[in-house]
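Welcome, and please open your viewer. This tour goes from one selection to the next and says what is there at each stop.

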Amino acid sequence: MSKTKISIEEVRRLASLSALDFTEEELNSFIPEFEKILEFVDQVKNCDTDDVEIEYTSHKLATLREDEAKESSPQEEILMNSPKTKKGSFCVPKMLD
Amino acid sequence: MQDYDIVIGLEVHAELKTKSKVFCSCKNQFGSLPNTNCCPVCVGLPGALPILNKKAVELVIKAGLTIDSEINNLAVFERKNYFYPDLAKAYQISQLVRPICIGGHIDLKSRRVRINRIHLEEDAGKLVHSSQAIGTLIDYNRGGVPLMELVTEPDITSADEAVEFLTNLRQRYIFADVAECKMEQGGMRCDVNISVKPKGSNVLGERTEMKNLNSFKSVHRAITYEANRQIEILKNGGKITQETRKWDDNHGKSISMRKKETSQDYRYFPDPDLLAVEISHDEVETIRKTLPMMPEQLKERYIKEYGLSEYEANIITKDKAIVDYYNKAISLYKNPKIVANWLLTDILSKIKDEQDSQIKISPEDLARILTLLEQSKISRTVAKDIFAKVWQDSANVDQLAKSLGGFVDDDSLQNIVKNIVENNQKAVSDYHTSETPEKVFRWFVGQVMKETKGKANAQTAEKIIKELLK
Amino acid sequence: MKFEELSLLEIVDLLHSQKLSSVELTQYFIDRINDRKELNAVLEIYDDAIEQAKHADERIKNGFRGKLAGVPILIKDNILFKGKKASCASKFLENYVAQYNSTVVDKMLAEGAVILGRTNMDEFAMGSSTENSAYGNTLNAIDPMRVPGGSSGGSACAVRAGLCPVALGTDTGGSIRQPASYNGVVGIKPTYGRVSRYGVVAYASSIEQVGLFTKTVKDNAYMLSILSGGSQNDETSLKVEVPDYLAQIKGNIKGIKVGVLKEVSDAVKGLDVEKTYFDLIEFLKENGAEIVYTNMPHFALTLPCYYIIAPAEASSNLGRFDGIKYSRRSVTASNVDEIYVKSRSEGFGKEVKRRIMLGNFVLSSGYFDAYYNKAKKLQQKLKKEAEEVFKSCDVIILPTTTGEAFEIGSKTQDPIAMYKEDLFTILANILGVPALSVPCGKGSHGLPFGMQVLADCLKEGQVYNVADYIQRQYGR
């Protein structure tokens, strides 16, 4: 099996999906490391799973939570850990609509 | 335009009518102070876990049954991952592989529109874009409100059809009592996928998507605009780019959004915090039994069984509130035709005049008025007077009937006629001898009406006069 | 009296009989924690610990006999206790104060426990050495040059060093059993769903469980009965009755069918644990157990399977740390995109970033089927293989680690070497079955390691019975 290679563009795409930013230097060390990890997890490809259907753990509709409204948390408790709040809301710099 | 076919698919979101949110017990309520209907689950606090609301699943099943969907016997929830400040967990719990409802259709006047699916998901919070100084404010009250998304096949061919489809769908949801669909509150929103192709061609064109249209009017305008825009491009030899466009209702045009957003990779995978839901055939059938009649069925019944005109049936079945009113009234006063008559001429015209959709007379009161009228206890004029008074200040029908004097009961009327006959012996003999007794008879009727200030029931009065003149 | 030498059961007795006050006991452990600061096992002693102890004493005086009345307990830094910090050993959550109680904390409080403080860990439970903590690494309780294991290294070290009688951890791929092995204590990962995950900061939701460390198996059994039980706040928690695990310890192993996996027997060849592993099997046989030689053909793939599923879930679970609602916001961020990217890049450590990236890779379009779906299918295949094994076995015996604790810094530059630490522990997480590590032998440097007892789902009683026998009889 050929090794899974990963390009710098691919890593940038993953970083964007991850909302992470890497310096050029970090990226350069990241790629060989990441390829080693991929080589490691690529082992799963050795296993034939064609005969396996994904099964789900399930419960019956009748056992689900009844639709009853309960007391919510106090607003100040919801906001207490936020780095910035205004007017009872979480706050970020103005976004373009 | 006639050289091109327009191909439209809709994605319609509707908030479900539940008391609590879909994955927690916070109130599903519009208009509260920001972040007051929130808990660890719907704000996505670390360690919080979702717990599925049974009613939400049942309502989606019910919605599916109104459009002849198949109900999946195993429904699975997936995470749709993306970063946006209105999305507390950076993923939306939604359904991809095994939605609750599969397939279905709605028949429009011109064609059948096939439904691909309806799935259950959670709504996102609300962003308020304030001043530059204050910034954008995030309110998670709406976060976690149960939302069903219906996806059509691309079977719609015009803006008119799209609006007809949405009107029809909205009616079904409201009649089935699954969603209130309050457009102005964002309770029903629509994404439009649209492409154009040369007439008769089998090859679909590149499509664009317009998101979150929240009125039928803007759906109509947006489709018309976007179809024309695409046709113009093709006519000029250009190419359509697949993209998400934003409909700007104020300026009446669609604007391209950043292309980056259009190639989103949502990395769906089954939510490991939630179990799949087994839905049995029996449960589906039980829900089916609770399904009220849909507008088309009601229309048929009103015409065939109640003898209403198609016009009358159409008007009544347009609005669930009117249907409920009508059904209640005819259960109390069993002449559907007369009730329909009053409903259309008196009630609906009043509503129209007042521009207020509230019906200010109860079905009980209407039925009572109609009963008194039928029993000849009040005249038509008095009936209309009572109706107007009740509408104005919800007065008591029976008291009004008495005080308006409309309540000239048979005994009183008998006495009144008797007195008139006794005091006018000349006229009595004229009646028996005259060559035109009819004229004399009319005079007697006139006297009775004069005496009762027009409130006597004319037919009864005539009957009594005839008898006493014998 | 040296309270650190007492078992949990002995301590409960002393407290119930009021021969010892909770205040005295709590103060004793606070002093010990302060004396052993160099271990860096405990990140914070809650400032109201003594208050809690006073309250417990008051209740005991009034006749309250909760199963943990007055017992000081340490919790891992990813378990929420309302009003207290919970940082997951991350800079990103440095000042995060829990807004609600986890179910396990509620259960312990209901039994009168004193929640003493929080223990160090690998950031967001990602790691096998507690070297990935933003607050410095924890030392092995026995050898300060070595790691305590991870990710629940602080809790394991604390129990071994006698800083508390019992400590909670979480186990996603071995994060309780591996440090238990390295510190010579008992650690259990219960059946998936046995203990509610509500209020425990999620890393890999489908395979992780709350568990605990004690010095003895009996203490462990006593404690798990308290933590177990279905919760209305966790759909994945099992709504089944909780047995008295202590009562299921019978004191003998006659007729118990002990499974020995061929793949494991092959894998231990040449490892530090080899001799102990085979000796233990022999010992069990001599004492009445029936040894069943069986196999799980795909055993070797548990490790790569784990390193697909866990990062996938982690990449999604950690999205909520965005610098908006509770985690630290980058001071240089000037718009929303920057809040996300800068806060996360500054807030997360290297290993966390690596796993988020890996998770997004295996879930992204084009790779989903080849990795994530493949791993899920492989997991199902392994479950089927296990089903077969448990038809003929009551328990399975596995080493916990390949040997004794490794030296600090020796694996930090090689992620794969670090991942391979979980070779024997991941099976239980992939299968969702209970697994316990019991101290069993010593490596070439005289440091301890443990052996694992696994059983089928919800058979914790069987695990405790066998493990208790091993702890009391083996090597005597």
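A salt bridge here is a side-chain nitrogen of Lys or Arg within 4 Å of a carboxyl oxygen of Asp or Glu. This is a predicted model, in which local features need pLDDT of at least 70, side-chain atom pairs count only at pLDDT 80 or more, and totals for chains, interfaces and linings use all residues. Residues are numbered from 1 along each chain as its sequence is written, chains are lettered from A and ligands numbered from 1 in the order in which they are written, and side-chain values use heavy atoms, leaving out hydrogens and water.

**First stop: chain C with chain A**

Select D51(A) and K381(C): their side chains form a salt bridge, 3.4 Å from N to O. Between chain C and chain A, the count of salt bridges is 6. Now widen the selection to the contact (heavy atoms within 4.5 Å), which takes 54 residues from chain C and 47 residues from chain A. How much area is buried between chain C and chain A? About 4400 Å², with carbon and sulfur atoms giving 66%; buried area is the accessible area (1.4 Å probe) that two parts lose on being put together, summed over both.

Next, colour chain C by confidence: its mean pLDDT (the predictor's confidence in each residue, from 0 to 100) is 97. For the complex, the predictor gives an ipTM of 0.97 and a pTM of 0.92.

**Second stop: chain B with chain A**

Pick E66(A) and K54(B), a salt bridge whose closest N and O atoms are 2.7 Å apart. Then show the elements of chain B that give two or more residues to the side touching chain A: α1 (54-66), β9 (126-129), β10 (136-139) and β17 (276-278). Helices (H or I, at least four residues) and strands (E, at least two) are DSSP runs, numbered from the N terminus. Of these elements, α1(B) gives the most, with 5 residues.

In all, 53 residues of chain B are in contact with 34 residues of chain A. The area buried between them is about 3900 Å², and S25(B), K54(B) and E278(B) lose the most area on the chain B side.

**Last stop: strands side by side**

Which strand of chain B is joined to strand β1 (residues 58-60) of chain A? Select β17(B): 3 bridges join the two strands, which run parallel. Two strands pair if DSSP finds at least two bridges between them. Finish at H59(A), which stands opposite V277(B) in β17(B).
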